[in-house]
Amino acid sequence: MSPKLSRRQMLTAASAVTVGAAVLPSLAASEQPQAYPVGKDPGKHEPLANFKFDLEATTGWVGEAGSAKEATVEEFPASQHIAGVSMRLKPGGIRELHWHAIAAEWAVVLNGTVRTTVISPNGESATDIFQPGDIWYFPKGHGHALQNIGNDEAHFVLGFDDGHFSEFGTFSITDWMARTPPHIVARNLNLDPATVANLPRKELYILPGKIPQNPLEENLADDLETSQSPHKFRLSNMKPLSFPGGWERIVTAKEFPINTTLTSVMQYLEPGAFRELHWHPNADEWQYYISGHSRVTVFGAHGRAQTEEFGPGQVCFIQQGFGHYVEQVGSEPVKFFALFNSPTFEEISISKWLAGNPASIISDNFLIAKQEVARLPRKALGIVK
Ligand SMILES: [Fe+2]
Ligand SMILES: [Fe+2]
């Protein structure tokens, strides 16, 4: 619990002071003492949390059949509500059967071909094949497995709607079987005790597998209903929103209904472009840079702002409601995706905000002449060239 008083507590404290002041009739209302918490200087605020994390520069988990680099609250404390993993599977490599008890899983495939299987609580199962530019979404708790079924390395970046998903919420099948009395496993799975004795003794996480041949093998049960709620969305096939300096593709729960907790935005900025000053009233923003370089300044109120530069494999986190922009730097276009922890997309841009005010307010607020105010944009600019 934070030692700081909540706004409600401050108001309660303020009314207590007012009651106290009532017995001091000589004090005018304007002279009554201000009710700040004891020991707290109202002008001082914690510095901004570090909002840059070099995900691909970490070692992470490395095994025979693949690797995984994590950005959870442990590695990147600023991001409490969104975590990410950069995962690579070698051809045939399997991310074993597992589920996440406290988070939904999202991913975008950057390279290779991945087959997923997922089971939902209504007994419907789905098997899908993902290629670069496709995204998946598995609701919280749905059991799933991944396999690289191509001949090249598969690389995908996973996102989770809880920063603690890893240490408190990933449940793997081998770990579970190894912790269950063997006679129970044997009875439940109808296996011979000798077979159970040879099951893995601990969690395998990522393990080698065989590249499947065409046609792909059927599931064990061939009578399971296919899921009515597709967990695959072909993001790169979506029509982009175009701006003078680039484009973006925004996928909310409206376009991708199973995706009830996240919004994904793929963005592309041409050399010289920048995404204008804005903020998101309803969500944190978690960015992963695919190519090119950018500069971001985050404004956290109370005189606090910080600038960082980002390149491939680096992660930027912007807290809900904090002002920011993204400026392309260098000679290469910049491509990145952003995940938001809300199924709807909300943004307020500075240009549109200002345009929704009379000129005299802007003139007085900025201390500038009205002919200067007349130069201001009249609508949202999006990505400026
Ligand atoms: Fe998972
Ligand atoms: Fe943003």
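This is a predicted model: local features need pLDDT of at least 70, side-chain atom pairs count only at pLDDT 80 or more; totals for chains, interfaces and linings use all residues.

**First stop: ligand 1**

Select the iron ion (ligand 1) and display the side chains around it: the coordinating atoms are NE2 of His98, NE2 of His100, an OE atom of Glu105 and NE2 of His144, at 1.8 to 2.2 Å. If you trace these donors along the chain, you will find that they follow the spacing H-x1-H-x4-E-x38-H. Because Glu105 belongs to strand E6 (residues 105-111) and His144 to strand E10 (residues 143-148), this pair ties together parts that are 39 residues apart in sequence. Both Glu105 and His144 are buried.

**Second stop: ligand 2**

Now select the iron ion (ligand 2), which is coordinated by His278 (NE2), His280 (NE2), Glu285 (OE) and His324 (NE2), at 2.1 to 2.2 Å. Here the donor residues are spaced H-x1-H-x4-E-x38-H in sequence, the pattern also given for the donors of the iron ion (ligand 1). The arrangement around the iron ion (ligand 2) is irregular because its four donor atoms subtend angles of 83 to 171°. Are His278 and His280 buried or exposed? His278 has a relative accessible area of 4% and is therefore buried, while His280, at 3% relative accessibility, likewise counts as buried.

**Third stop: side-chain contacts**

Move to Thr297, which you will find in strand E20, and which counts as buried because its relative accessibility is 18%. Its side chain makes a polar contact of 2.8 Å with the side chain of Thr307, and a further polar contact, of 2.9 Å, joins the side chains of Thr297 and Tyr325.

Next select Arg88, in strand E4 (residues 83-89), where the side chain makes a polar contact with the side chain of Ser86 at 3.5 Å. With a relative accessible area of 19%, Arg88 is buried, the cut-off for that term being under 20%.

Which residues does the cis peptide bond join? Select Asn214 and Pro215, which are linked by a cis peptide bond with omega at about -5°; Pro215 sits in the loop between strand E13 (206-207) and strand E14 (232-233).

Go on to Asn190, in the loop between helix H4 (182-189) and helix H5 (193-197), where phi is near 60°, a positive value in a residue other than glycine. Asn190 counts as exposed, at 70% relative accessibility. Then select His302, in the loop between strand E20 (293-299) and strand E21 (305-310), whose phi is also positive, near 55°. His302 is exposed too, with a relative accessible area of 53%.

**Last stop: the surface**

Finally, switch to a surface display and select Leu97, Ile173 and Trp176, which form a nonpolar patch there with about 300 Å² of accessible area together. Of these residues, Leu97 is found in strand E5 (residues 94-100).

How values were computed
Residues are numbered from 1 along each chain as its sequence is written. Chains are lettered from A and ligands numbered from 1 in the order in which they are written. Side-chain values use heavy atoms; hydrogens and water are left out. Patches are made of residues with over 30% relative accessible area and no salt bridge: like charges are joined within 9 Å, nonpolar side chains (Val, Leu, Ile, Met, Phe, Trp, Tyr) within 5 Å. Accessible areas come from the Shrake-Rupley method with a 1.4 Å probe; for residues, only the protein chains shown count as cover. A salt bridge is a side-chain nitrogen of Lys or Arg within 4 Å of a carboxyl oxygen of Asp or Glu. Helices (H or I, at least four residues) and strands (E, at least two) are DSSP runs, numbered from the N terminus. Donors are N, O and S atoms within 2.8 Å of the metal (3.2 Å for Na, K and Ca); water is not among the atoms, so sites may look incomplete. Buried means under 20% relative accessible area, exposed over 50%, partly exposed in between (1.4 Å probe, protein chains only). A polar contact is a pair of N or O atoms within 3.5 Å; within protein, one must be able to donate a hydrogen and the other to accept it, and residues adjacent in sequence count only if both atoms are side-chain atoms. Four donors count as tetrahedral if all angles lie between 85 and 135 degrees; four count as square planar and six as octahedral if opposite donors are over 155 degrees apart and all others between 65 and 115; anything else is irregular.
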